[in-house]
Amino acid sequence: PSRLGGPWLLGLLARLLLWGSPGAWASYLRRSSSCMPIPHHMALCYDIGYSEMRIPNLLEHETMTEVIQQSSSWLPLLARECHPDARIFLCSLFAPICLDRLIYPCRSLCEAVKRSCAPVMACYGYPWPEILNCNKFPADHELCIAAVSVDENSSSRRMPRASCKDCELEEASTAREILESLCANDFAVKIRILRKNTTTTISDFDLDPSKVEVLKHGPLLRTEIPARLQQWLDIDATCAHNIMRGTHAGVFVVSGEVQSDKVVVNKAYAWQKRNRNLHQAVRRWKHHRCPEQAG
């Protein structure tokens, strides 16, 4: 390749140097295949860490037009941020790295991505496609592209996963409607969220513990709310990403429900000067009585 980059690619090349005779899944390329630059308008894989790919690819797409068309259908799933290695997995198939042999993704990589992303696809009525059947890919002891992220079973930090429910910033319509929403949810908190990075496929977010104002704690203990909200930021990357809208930091009023071992945010409002209805609702909340309290 004319340009190499990315820690996962360096790891792959290191394994190639140690590899002896090719195995069943490391067959030499067909003479009909060729190396081509990954085009800028192939959004799925452009700037993935290498600049050239094999055509036909590992999904038997014969032309670049077909590759671009088919790969673009996976962009909505990547936007859901269902797994940090989803892009690497898909690009290893749609835009295989241009080496002297075909390198498939490891079966464990496929299984990890499927475990996180298939439920999200099911939300929209799409099954995991047979063409991505993980049993077709080589076991980890063979030459293959392994997962980059730490395995979720051995990591103290849970893998980010998308939820089926879209989470967007709400418009602060009227103070009354906001108060009704706060009443309907288990908890309500004013918090500050910080983006930890902007270079990876999935952004990490931190809760500023010094900027947590509990409006309603519901079944939660006040002392446990910061940790529970940080857990929410860790596992529901899609919701946090949508709320932040590309900003590096922001203050929000969020409310939601408690579901067994996690909290789910249902409503989020940006705390800005122009949101007068939101400011009014928060001021009135201290003395507001919800319908069940009033009864």
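How many disulfides does the structure hold? The count is 6. Keep in mind that this is a predicted model. Some notes on the cross-links and the charged pairs follow.

1. Start with Cys 35 and Cys 98, which form a disulfide with their sulfur atoms 1.5 Å apart. Cys 35 sits in strand E1 (residues 34-37) and Cys 98 in the loop between helix H4 (86-94) and helix H5 (107-123), so this pair ties together parts that are 63 residues apart in sequence.

2. Next is the disulfide that joins Cys 45 to Cys 91, with an S to S distance of 2.1 Å. Here the link runs from the loop between E1 and strand E2 (52-55), where Cys 45 is found, to helix H4, which holds Cys 91; the two are 46 residues apart. The torsion about the S-S bond of Cys 45 and Cys 91 is about -105 degrees, so the disulfide is left-handed. Both Cys 45 and Cys 91 are buried.

3. Cys 106 and Cys 144 make another disulfide, with sulfur atoms 1.9 Å apart. Cys 106 belongs to the loop between H4 and H5, Cys 144 to the loop between H5 and helix H6 (175-184), and the pair links these distant parts of the chain across 38 residues. This disulfide is right-handed, because the torsion about the S-S bond of Cys 106 and Cys 144 is about 90 degrees. Cys 106 is buried at 0% relative accessible area, and Cys 144 is buried at 1%.

4. On to charges. Side chains of opposite charge can pair when their charged atoms come close. The count comes to 5 salt bridges. One of them brings together Arg 192 and Asp 208, at 3.3 Å from N to O. Arg 192 lies in strand E3 (residues 187-195) and Asp 208 in the loop between strand E4 (205-207) and strand E5 (213-216), so the bridge ties together parts that are 16 residues apart in sequence. Arg 192 is partly exposed at 28% relative accessibility, whereas Asp 208 is buried at 12%.

5. Glu 224 forms a salt bridge with Arg 228, and their closest N and O atoms are 3.2 Å apart. Glu 224 counts as partly exposed at 25% relative accessibility; Arg 228 counts as buried at 16%.

6. Finally, the side chains of Arg 101 and Asp 100 meet in a salt bridge at 3.5 Å, N to O. Arg 101 is buried, with a relative accessible area of 10%.

Definitions and conventions: Residues numbered from 1 in each chain as written. Predicted model: local features only at pLDDT ≥ 70, side-chain atom pairs only at ≥ 80, totals over all residues. Heavy atoms only, no water. Salt bridge = Lys/Arg side-chain N within 4 Å of Asp/Glu carboxyl O. Buried < 20%, exposed > 50% of the residue type's maximum accessible area, 1.4 Å probe, protein only. Helix = DSSP H or I, 4+ residues; strand = E, 2+ residues; numbered from the N terminus. Disulfide = S-S within 2.5 Å.
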